[in-house]
Amino acid sequence: MKKETDIRHQDSICTNESRIQHRWYHLLKYLLVGIAFGIVFVKAEVISWFRIQEMFRLQSFHMYGIIGSAVVTGMISVWIIKKFNIKTIYGEQISIAPKKFSKGQIYGGLIFGFGWAITGACPGPLFAQIGTGAVAVVITLLSAVMGTWVYGYFRDKLPH
């Protein structure tokens, strides 16, 4: 049973973790990048509930343009990493594991999309929304954490 579970969830095993140990203050760069992303999200109206509702009602191209730009940027970045065997800034190898398609991805995508449409938030912008003073979004954050926990608890029992 253990072997079957390992094989079934092999695509979720991260073998890309850095082996380098850093002092705590090296993590500050991630905090600064997160703050910068939050500011960009606010200024570009990525966290705007109104903009998200416009997107799901097919009334505006704004969010589709942002998401499309991110997808294209990601595709080009992965291609460059693979083509030129790019390493991390510390010289470590970057490996991108192949992903297998499963029908669970469709169900998960639908649940994610419905939650996004209902709450006007997805996981990334949640913190920026809270940072702008939208305290009610804390309920969405707690729901997302709870949903992740429930998924982890039932993962082995779900159809694959």
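Author: A term to start with: a salt bridge is a side-chain nitrogen of Lys or Arg within 4 Å of a carboxyl oxygen of Asp or Glu. Please keep in mind that the model is predicted.

Reader: What makes the contact of Glu54 and Arg51 a salt bridge?
Author: The N to O distance for the side chains of Glu54 and Arg51 is 3.1 Å. The cut-off is within 4 Å, so the pair qualifies as a salt bridge.

Reader: Where do Glu54 and Arg51 sit in relation to each other along the helix?
Author: Both belong to helix 3 (residues 49-56) and are three residues apart, so about one helical turn separates them.

Reader: How do you know that Glu45 also pairs with Arg51?
Author: The closest N and O atoms of Glu45 and Arg51 are 2.6 Å apart, and the rule asks for within 4 Å, so this pair is a salt bridge too. By this rule the count comes to two salt bridges, and Glu45, Arg51 and Glu54 are linked in a network.

Reader: What is the secondary structure of the whole chain?
Author: There are seven helices and zero strands, and from the N terminus the elements run α-α-α-α-α-α-α. Buried residues make up 14% of the 160 residues. The accessible surface is about 12700 Å², with 70% of it belonging to carbon and sulfur atoms.

Reader: Which residues make the nonpolar surface patch?
Author: Trp24, Tyr25, Leu28, Leu31, Leu32, Ile35 and Ile39 make a patch of about 770 Å². Take Ile35, which lies in helix 2 (residues 28-43). Ile35 has a relative accessible area of 45%; a patch residue needs over 30%, so Ile35 passes that test.

Reader: Why is Thr140 called buried?
Author: Thr140, in helix 7 (residues 137-154), has 18% relative accessibility. The limit is under 20%, so Thr140 counts as buried. Leaving aside residues up to four places away in sequence, Thr140 touches Thr119, Ala121 and Leu126.

Reader: Which residues of helix 6 are buried?
Author: In helix 6 (residues 123-131) they are Pro125, Leu126, Ala128 and Gln129. What covers them includes helix 2 and helix 7. After helix 6 comes Gly133, with a positive phi near 105°.

Reader: What makes the phi of Leu58 worth a remark?
Author: Most residues other than glycine have a negative phi. Leu58 is a residue other than glycine, yet its phi is positive, near 55°. Leu58 lies in the loop between helix 3 and helix 4 and has a relative accessible area of 66%; exposed means over 50%, so Leu58 is exposed.
Author: Asn85 also has a positive phi, about 50°, although it is not a glycine. Asn85 is found in the loop between helix 4 and helix 5 (103-119) and is partly exposed at 40%.

Reader: Which residues does the UniProt annotation "transmembrane region" cover?
Author: The record, an unreviewed entry, gives residues 27-49, 61-81, 106-128 and 134-154. In the model, residues 61-81 are 95% helix, with end C-alpha atoms 30 Å apart. Residues 106-128 are 87% helix, with end C-alpha atoms 27 Å apart.

Reader: Where is confidence lowest, and where is it highest?
Author: Helix 1 (residues 2-8) is lowest, at a mean pLDDT of 47, and helix 4 (residues 62-83) is highest, at 94. Over residues 1-11 pLDDT stays under 50. The chain as a whole averages 84, and 89% of the residues score at least 70.

Note on methods: Residues numbered from 1 in each chain as written. Predicted model: local features only at pLDDT ≥ 70, side-chain atom pairs only at ≥ 80, totals over all residues. Heavy atoms only, no water. Patch = residues over 30% accessible without salt bridge, like charges linked within 9 Å, V, L, I, M, F, W, Y side chains within 5 Å. Areas by Shrake-Rupley, 256 points an atom, 1.4 Å probe, with all protein chains shown as cover. Helix = DSSP H or I, 4+ residues; strand = E, 2+ residues; numbered from the N terminus. Buried < 20%, exposed > 50% of the residue type's maximum accessible area, 1.4 Å probe, protein only. UniProt positions renumbered as here; feature names shortened; annotations may be inferred. Contact = heavy atoms within 4.5 Å. pLDDT = per-residue confidence, 0-100.
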